[in-house]
Amino acid sequence: MPHLPPFFSKVDELQGKFIERLSEAVAIPSISSEDARRPDVVKMGEWLAEQIRALGGEVELRQLGKQPGHEHLDLPPVLLGRYGSDPKKKTVLVYGHYDVQPAQTSDGWATDPFKLSIDDKDRMFGRGSTDDKGPVLGWLNAIEAHQKAGVDIPVNLLMCFEGMEENGSEGLDELIEAEAKSFFKDADVVCISDNYWLGTEKPCLTYGVRGCNYYSVEISGPGQDLHSGVYGGVTHEPMTDLVRIMNSLVDPDGKILIQGIDDLVAPLTDEEAALYPPIAFTMDDLHQSLGNQVSIYNDKNDALKHKMRYPSLSLHGIEGAFYTPGAKTVIPAKVIGKFSIRTVPNMEIDDVTKLVQKHVEQEFAKLKSKNNMKFNIVHVGKWWVEDPNHPNYTGAAKAVERVFGVKPDMTREGGSIPVTLTFQAQLQKNVLLLPMGSSTDAAHSINEKLDKKNYIEGTKLLGAYLHYVAGELS
């Protein structure tokens, strides 16, 4: 790959400009979940479109109409971009998102979340820096560095950047389905950079993610909230019933207590088990990410397996319960408990839901309560697994070795990235997750950051990937 050294040198030369580009992007508070920030989300999409046009790309901001359930809001547009249309070249489709999670200084940020701040360790703090503005801009940086180095990009690029990923990606699945045989028809492979290294030193390639089935249990009885001093002891209390049910779902060591769930999980093969020991990940990495030494498992391999390829059940909250400071002696008339199961192969959505509903109904029946119980499906998303031996992955692995000098870890992601499954199903093409950020970036949390090294070397990686995947696909 003789073309890569000039490209790498140009990335180093332009890093100041690339950091300024990220600074401009972070300054736009594109929070998709807040009504008042919807204009900023649209502004971010338009800013990104102008950046691509300035590089010579073709861009359409596809309107998706009104947001379901919030008809006073227009959905942010999906950016559909194209760079290059040479029929002799392979075509790579890249996906990312330009919206971000909410953030305000009062949450505990050490700096203004919408002003990129760089500390003495070259950590770049700002909302969206790693999730997902930095990685999205990495593709634009790679294009610019190729241009200014006089190096031809060996593939055609299609771009799909959305503005609702942090708020359910509403409208995206329908767009991908509608454009599968149109805008996306030329794509040979798909590359997504919207996840993270397992640790802080070694890159990884991700070939699978867990799914997510989210449920709620509603318990109601009294006609209104009651005073515990007047009615305590004479009525079945919804909160008591709900806590008993939620306590029956999972034990303190994370074992799911729903009968039949474990039988749905695909057994661990010897081939897969062999992938875990070489992974550059330590228990210290896990403790740093957790912010304390509260891990269930003390062995790295066990921890990784339960992070990546085994299911988990988490309790998320109780709606309707008293939660503010102070002491309020109230018996809530209705409470809603929320929990989710992270699913893995071969846990099909309907099979899991049937087992969960049966369990909840049986546990409620045991209480012999006169309250009413409703089991609800909030949302569901299937797990995704890809073939890590496909040229898309072997090309990416060679790019990692070229840029970082090490073979990448092969990992599966614990969280859910639904768009991976949508692209795989609709386009019938191999999908790769190629992360830029590291495990300590605190995406979705306070003080989100992206290390300067990950941003600059990550830009080199994205560019190198295009060269190596072109070679592997040819």
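This is a predicted model: local features need pLDDT of at least 70, side-chain atom pairs count only at pLDDT 80 or more; totals for chains, interfaces and linings use all residues.
Figure 1. Strand β11 spans residues 211-220, and because 10 of its 10 residues are buried, the strand is largely enclosed by the rest of the structure. Buried here means under 20% relative accessible area.

**Figure 2. The pairing of β11 with strand β15.** Strand β15 comprises residues 334-343, and its pairing with β11 is antiparallel, with 10 bridges. Within this pair, Asn213 has Ile341 of β15 as its bridge partner.

**Figure 3. The pairing of β11 with strand β16.** Strand β16 covers residues 372-381 and runs antiparallel to β11, to which it is joined by nine bridges. Here the bridge partner of Asn213 is Val380.

Figure 4. The chain contains 14 helices and 20 strands. Of its 474 residues, 53% are buried. A compact globule with 474 residues would have a radius of gyration near 23 Å, and the value of 24 Å for the protein chain agrees with this. The C-alpha atoms fill a box of roughly 80 × 50 × 50 Å along the principal axes. Among contacts between residues at least 6 apart in sequence, 80% join residues at least 24 apart.

Note on methods:
Residues are numbered from 1 along each chain as its sequence is written. Side-chain values use heavy atoms; hydrogens and water are left out. Helices (H or I, at least four residues) and strands (E, at least two) are DSSP runs, numbered from the N terminus. The radius of gyration is taken over C-alpha atoms; the globule rule is 2.2 Å times the number of residues to the power 0.38. Buried means under 20% relative accessible area, exposed over 50%, partly exposed in between (1.4 Å probe, protein chains only). Contact means heavy atoms within 4.5 Å. Two strands pair if DSSP finds at least two bridges between them.
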